[in-house]
Amino acid sequence: MIKKINTVTVAVLLIAVLITGLAAFQTISRYSRESDQLYLQTAGKTIQQLILDGHEPEAAAIRTQTIFNQESIPVRVTIITGDGQVLYDNEADSATMDNHLFREEIALALRSRDSGFAIRRSDTLDLEMIYVARYIPDLDMVVRTSMQVYHSRQALNSMALTILLVMLITFAVLILLSSLVTRHLARPLKQLTVAAREMAAGQYSSRIHLLAQDNSEVAVLGAAFNRMAEQLEQTINDLADRNERLDVIFNTITDPLLVIGPSSSVTFMNRRARELFGRDLDPDKAVYPLVFITHNQASEDLVEEAIRDNRSVHAELRLNTVTGKATFQAIATPIRASNADSAMITLHDVTELDKVQQMRSEFVANVTHELKTPLTSIRGFVETLRAGAVQKPEVADRFLEFIDLEAERLHQLIHDILVLSEIERNQQEQNYQDFDLFTQVDAVLVLLDDAAANAQVALRADEPDAPLMVKADPDRIKQLLINLVDNAIKYNHPGGSVHIQAERQADDMVRIAVQDTGDGIAAEHLERVFERFYRIDKSRSRELGGTGLGLSIVKHIAQLYSGYAKVNSKPGVGSVFEVFLKI
Ligand code: ADP
């Protein structure tokens with residue numbers, strides 16, 4: 001803009017200075033010609049006067065020349081008769097000069113009977129000359145004075161040089177002044193441009209500095225700009241505030257939330273959604289279709305259904321997350337306010353709930369199955385007794401023994417289930433007591449002494465130097481010890497042994513280890529023996545009165561005391577079951 005103004009100003013000034021210069025030059029050259037004419041006329045008049053005063057024309061000419069030559073511009077004088085004959089010329093021989101009747105200036109003077117003027121090349125001198133001829137009617141004579149154009153031009157040239165110089169100086173001064181004025185006038189415009197540019201770049205606090213006394217249009221524009229900038233800044237700050245608040249709200253929501261725009265593209269993801277799907281979505285940079293994020297077409301279908309039917313719809317979706325597949329209760333809601341094609345989808349993780357549900361139904365199925373087996377046997381024996389076996393006392397006795405055994409198994413199973421569900425229900429131990437762990441070890445040794453003797457297995461426990469005081473529910477610890485030692489006896493060989501250790505460790509955990517010399521467990525089962533109803537050899541376990549819940553109870557008791565259980569085993573050599581408890 002300023003550049004344009006500058007260019008135009010320079011052009012205008014240049015033209016103005018040129019026109020002024022040319023006009024000046026023309027005026028001066030006209031004036032110069034007129035003054036030359038006047039000079040020659042004066043010379044002519046002087047000669048005329050001298051002649052009329054009685055001087056000889058030649059003498060009059062010479063005398064006048066002497067006066068005028070002092071002016072440093074030599075004047076040529078020619079005196080011609082009324083019929084054109086040259087009487088006298090100071091620069092050439094008049095006798096040899098041709099008739100001058102038709103010389104332009106002479107013809108003019110004769111015709112007007114006054115004076116004539118001409119500029120032309122002299123035939124006699126072969127020079128560019130200015131002629132002024134003066135007719136003297138009394139003597140029928142023409143006095144012609146002339147001078148070289150060269151003299152006049154020389155003066156004019158030096159004047160032209162001066163004019164040019166003045167023009168240049170004027171031009172330079174004008175340019176300087178105009179650029180100063182332009183700069184002064186353009187300063188607020190420049191400020192306006194800079195401020196507008198800064199604002200476009202996001203610096204909304206940018207303002208124009210206004211002078212109080214300035215009432216120009218630019219100043220009014222600047223004030224309007226400042227007002228607009230203030231309003232814009234206020235609006236943008238308000239919007240940013242609202243945005244921030246919304247961001248905080250959305251990011252505080254613990255469930256993933258996504259907003260889906262046209263063509264199923266995700267336009268917003270809250271923090272949880274970004275973490276869950278491992279994508280730092282910036283809708284300004286990239287637009288992802290929903291399916292690209294969830295890897296499940298059903299999620300897009302749900303959103304489409306919500307938009308199409310204009311109502312909230314929900315479904316259970318299994319989606320890929322950074323931690324693997326997870327099940328979500330998804331709710332898609334159309335967003336009507338801004339864009340009919342938008343919808344919001346919230347996802348509530350129900351994976352754990354799903355798992356618990358599944359485990360529960362598996363457990364119920366297992367329990368039902370486990371309960372059914374002894375009940376079926378009991379019913380079978382009762383049927384047989386009813387069918388007549390009751391009449392045969394020795395058979396009836398054996399059958400009643402079987403019934404008793406199955407009932408005992410049922411009792412044990414129900415007992416274990418109750419223990420397990422009680423531990424699960426009360427995640428926090430209630431009944432804390434201080435006691436010596438070895439008193440419980442001794443009690444278990446006494447309790448299982450018969451069973452060990454029957455199996456011909458030697459039971460041995462570490463002899464403690466001092467009591468091992470713990471704080472826990474003694475019944476739970478006893479249950480844990482019974483389950484481990486009972487297994488160590490059951491899955492042992494006659495002549496085998498069981499060794500029970502208990503000690504407090506450096507990290508303040510109590511370690512209980514039950515080592516046996518029994519069957520051992522193959523590596524592939526090691527991970528699973530602590531699962532409910534998991535048995536390596538089902539019929540052997542049943543035969544030995546097992547329920548498949550013993551080790552699961554051990555694991556749960558350990559967890560109750562912020563601990564864990566593990567097993568090391570070598571098939572054919574034996575196993576070591578270790579439990580670590582914070583007691
Ligand atoms: P069960 O009532 O069948 O003994 P548990 O939960 O106590 O159920 O044990 C699960 C399975 O782990 C057992 O069926 C058995 O196959 C294996 N097991 C447990 N303890 C031992 C052990 N000391 N030696 C070898 N196998 C064992």
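**Exercise 1.** Decide whether F250 is buried, partly exposed or exposed.

*Solution.* Start with the cut-offs: buried means under 20% relative accessible area, exposed means over 50%, and partly exposed is in between (1.4 Å probe, protein chains only). F250 has 22% relative accessibility, so this residue is partly exposed.

A word on the model: it is predicted, so local features need pLDDT of at least 70 and side-chain atom pairs count only at pLDDT 80 or more, while totals for chains, interfaces and linings use all residues. Residues are numbered from 1 along each chain as its sequence is written, and side-chain values use heavy atoms, leaving out hydrogens and water.

**Exercise 2.** Classify the ring pair Y432 and Y561, and say where each residue lies.

*Solution.* Step one, the rule: rings of Phe, Tyr and Trp (its six-membered ring) pair if their centres lie within 6.5 Å; planes under 30 degrees apart are stacked, over 60 edge-to-face, and the rest tilted. Step two, the geometry: the centres of Y432 and Y561 are 6.4 Å apart and the planes 70 degrees, which makes the pair edge-to-face. Step three, the location: Y432 sits in the loop between α10 (393-425) and β12 (433-436), and Y561 in the loop between α16 (550-560) and β17 (564-570), so the pair links parts 129 residues apart. Here helices (H or I, at least four residues) and strands (E, at least two) are DSSP runs, numbered from the N terminus.

**Exercise 3.** Compare the accessibility of Y432 and Y561.

*Solution.* Y432 has 40% relative accessible area and is partly exposed; Y561 has 2% and is buried.
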